[in-house]
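Q: Can you walk me through this one? I'd like to start with a sheet and then move on to helices.

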Amino acid sequence: MLDLFVQEANEHLATLETDLVALDANPRDAALLNRIFRAVHSVKGTAGFFGLTAITDVAHVMESVMALVRDGRMDATPTLINLFLASTDKLKAMVGAPERSADIPTQDERTALHALLKTEPPVRPAPADQPTLPLYLSSFNIDPELVRDALRHGHHCYVVQLRLHADIEAQGQTILTYLNDVESLGTIIDTATDLAGVGLGEAIPADVMCSILFATAMESDLLLAAFNLPAEQLVHVPADLLKTWLQTQATLVPAYPSATAATPPPVVPQAPSPSQALAPVPVSLPLSAPAAPELRLAAQEQSLAVPQPAAAATRAKPEETVRISVNLLDTLMNLAGEMVLGRNRLLRLAPAGGETGTAESQEGLTGIVQDISAVTSDLQRTIMRARLQPVGGLFGKFNRIIRDLGQKLGKDISLETVGDDVELDRALIEGLSDPLTHLIRNSADHGIEPPDERTRAGKPPGGHVRISAAHLAGRVQIEVRDDGRGLNPEKLKSKAIEKGLITSEQAARLSETEAWQLIFAPGFSTAAIVSDVSGRGVGMDVVKTNIERLGGRVEIRSVLGQGTAIIIRLPLTLAIIPALIIGCGTRRFAVPQLNLVEIVRPGEDRPLEDFGGARILRLREELLPVLNLADLLGLPQTLTAESPGFVLILNLDNRRFGLQVEQIADTEEIVVKPLGRHLQGTSLYSGATLLGQGEIALIIDLAGLAAGRLPAETTSARKVLKAGAELASERILVFSAGTPETFAMHIANIQRIEKIETSRIERIGAHDYLRRKDGPTLRLLRIQDHLAVTPAGPLPAEVHIIVPRLVHHPVALIADCILDATDLPAGALDSASFRSPGILGTASLNERLTIMIDLYGIMQAAGLDNEIDGFAALSGLRVLVAEDTAFFREAVRRGLHGRVKTLDIAEDGEAAWQRLQKNVYDVLITDLEMPRLNGFELTQRIRADARLKHLPIIALSARDNEDFHRRAELAGINHYETKLDRDRLCSAITTVLMPH
Amino acid sequence: MDVLLTDHTLRITFAGDLLSTNIDALSAALLQHLDQHTEARAVVADLSRARMIDSKGINLLLALYRETQRRKLALSVEQPTADIRRMLTLLNLNGRLGLTPQP
């Protein structure tokens, strides 16, 4: 019984703390005051039943004070709330150890509370019972179920103001198409149309003013782009406002007809007719401030006219619940897991058993097995659902943390929580508690600036932290976002150099995104003064490790001076996961499919190579580091160069690497079992499972496997090999080639640079070659042989060879000296003054004229471009390219010129949109990051356009990360291509236009 | 525009689309017919011949709704095309305009 008291009292106290913090922001909120009073009262009552007088004493005086506040006779001042929070802490401590509750000192709190009771409280009028909704919501009939559903999924609610003529028809769209598109992006909760000024006796206005209450997963900027509306026509409805309204809806349930509800709601002037009573409660009637007569009329009219399904009448009946212990739930989950394992074994054995029986028995057995399989899956899913808890319980505690930190740090910080109703497996919620607490503390301590600094920066003095949860694409996304100072890449680099984490050279090569990742390095701390709040340098690496242990990933986005967002993506559950079963000798291992990108067989087109002791897989445009499973586990090595087995391409925290394995056995839903004590010390395994055949398989912990085994140089090597594709779209390599001219080429086009002895170059006929032990022989190109430049003298004893990426031929350029790696300033490329095959143009760099070479033009001149004729089908096409970077504009122009019928190039998305209005194209190739209108926005605008919505769109981006791919897919892009391979681009066009 | 009064129900069949080009004429005609048939207790707007309605056409229907409300007449809109029905439903005007359920 005492256990039950502890459990219940803890639940009350958790709610109490959250409500007290909320009361700080809304000190007159009657619903909150009532809840706080009830919570204290419940704790007092049950503690009294058990004779826990120390608890009763504290709760009693708290209750007495709260009664004064509730009755409006005392203000809920911050001081009072602080005192209540301190008292709640004491209650928690006492409830946590009831048998020793009398030993916990509470004299200070009780004295302070009694002192409040002795003051002469003023008599005040009772606070208003009902919260109000803003006027902009008053014209809607809001169905609480739709709102509840939206909040449960972490969706945002907006009011969209539309002028049907000006915003739709005048933009060349039809109202129906536009509204269909709107509906495809979310849920229309209600639509209200303005009747003002409409009458038969008057001139009929051309426009219709219409408001849509809309729920969607999209952020406001994306929504504005999708709807093609100015920002002032979109109002974000705060989730807290809707939550408060929903709570009030529960208390308004008697307004629906029931046996005891004889009195109509006080503000409804007459008893409701059946059609009124069944309609959702119009928002404007009981809740809002007085609305404009027209708006009120609209709401009333709609509730009268729109009959609602009878289901509304039964909506109020609460779902029956029963309290169940977590241990019992865990046992049920384990049993369900065992059943899944049994099902897996049965599925494996059933065909074999059936083969020996009659046709009828085979058929019967198959049917039974299928039934058992289906029931088992349902059972497992149902029990898993029982383990789900709303994340709001976890989020609730952050209110207190933010409040306390704000006071301690002298900062005014508000916390917004979004998606409190999103449900997560309880194991995930438990695992998230510490990392999220750390992130919240970091935001408050490091992110949000002090008020005077914010004021100087033109920001409001109060900072804002937002924590949100949402279900996205089968995963849970949790985001902690602040509007603070943002991460300063240069400061992070300096700190990392100072701490000895990276060298200056490595720092210089780091992009902004990579610099942000430095905060996850062990021992890294940017706090100028290490405080007791955060900044101990033991946090973010642990945060990342903990999230990865939960099967999640962490991403950072930051804008200097504007804020930082930490995004966590997690699986829905940890207990049962899909896995790939692999073999190494006679042993079986499971690899979570969550991290699996693809499986490849190394071969001639995908060779495994050794570079400086590290194994590399050449896969399409990337070189990936490869780990060997048998080597890592100390098992006998059976793989050879002739029989290389398979390479699993894995993605871990946006790092791709390969895992070479001997066998691929199966895919299976596996039940994760904890490791035995003797294996818990290893970082290689995250658990164990029983396979369908009855074998035990260890589950590979990919984070542990990769840690320390993908050396830092591998990551930076990958970065260099990816040749700035993620880094700097305008970075160029400047070099000389034995002639007086200076040359440059885009770093994005370079795979690697090697220094070789000239004596190794072999001349056969008119061509130079370099034989290599670890790869195909390279054809070496001397620039002066293929470009109209000054003839070169003899080569020096050592030269550099520049190996391009994204080409099909083993080829390299000879450079006698690498001069610099620098940025090509915007607008510096002059493609008009010096035109010649193999030359993109010229640029003035450091007061020298530099020739920007067209690698593909040189290859063509060298007779190496043998695939041009393969794309004859493109010759009739009209192609529009949107690209803001001069270099890539020119390169794409060179790449497609002569292959397509018409090639138009626009300097950004907006310019492309203008051209699309005037001309007809067969395909659009667009960069994603552009000023004015980016590629995502351009695509959304096109997809919303009746005439253009079917236009094939290819994204051509220097970024090749999951987020960009996902956003591109969401926006409606048909194909994603990484810059810059002309042949692949042509293939992509062919694929998009002629998929079959 | 065809107009037929039967059993106190005034059935108005629009001759074609409700577009900005003809709305003002239609508005005047509607007012005239309502004034003429004061014995009507209900108005049916028959859209069976309309293939398109633009924003001004929507306003015409809303003006008709307000006028019938003022005159205490019941209004129903009948036989719209699937597209027009969908548009009116998305605008949540189906209830206000008494849009008859899809057969």
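This is a predicted model: local features need pLDDT of at least 70, side-chain atom pairs count only at pLDDT 80 or more; totals for chains, interfaces and linings use all residues.

Q: Which residue in strand 2 of chain B stands opposite B:Leu4?

A: B:Arg11 does.

Q: What holds paired strands together in general?

A: Backbone hydrogen bonds, with strands running either parallel or antiparallel.

Q: How many strands does the open sheet of chain B have, and in what order?

A: Four, in the order 1-2-3-4, with mixed pairing. Strand 1 (2–6) and strand 4 (74–78) of chain B are the edge strands. Each of them pairs on one side only. From one strand to the next, the twist averages 15°.

Q: Which helix packs on the sheet?

A: Helix 2 (residues 55–70) of chain B. It touches strand 3 (42–46) and strand 4 of chain B. Its direction makes about 155° with that of strand 4 of chain B.

Q: New topic: chain A. At what angle do the axes of helix 16 and helix 17 of chain A cross?

A: Roughly 25°, and the axes come within 10 Å. Helix 16 covers residues 392–409 and helix 17 covers residues 426–447.

Q: So what do we call that arrangement of helix 16 and helix 17 of chain A?

A: Roughly parallel, because angles under 35 degrees count as that. The crossing of helix 16 and helix 17 of chain A is right-handed.

Q: Which residues make the contact?

A: Helix 16 of chain A brings residues including A:Leu394, A:Phe398 and A:Ile401. Helix 17 of chain A brings A:Ile429, A:Leu432 and A:Arg441, among others. By class, this contact has eleven nonpolar, three polar and two charged residues.

Methods. Residues are numbered from 1 along each chain as its sequence is written. Chains are lettered from A and ligands numbered from 1 in the order in which they are written. Axes are lines fitted to C-alpha atoms, for helices over the stretch in contact, and angles run from 0 to 180 degrees between N-to-C directions. Helices (H or I, at least four residues) and strands (E, at least two) are DSSP runs, numbered from the N terminus. Angles under 35 degrees count as roughly parallel, over 145 as roughly antiparallel, 65 to 115 as roughly perpendicular and the rest as oblique. A crossing is left-handed if the near helix is turned anticlockwise from the far one by less than a right angle, and right-handed if clockwise. Two residues are in contact if their C-beta atoms, placed from the backbone, lie within 7 Å. Ala, Val, Leu, Ile, Met, Phe, Trp, Tyr, Cys and Pro count as nonpolar, Asp, Glu, Lys and Arg as charged, and the others, Gly among them, as polar. Two strands pair if DSSP finds at least two bridges between them.
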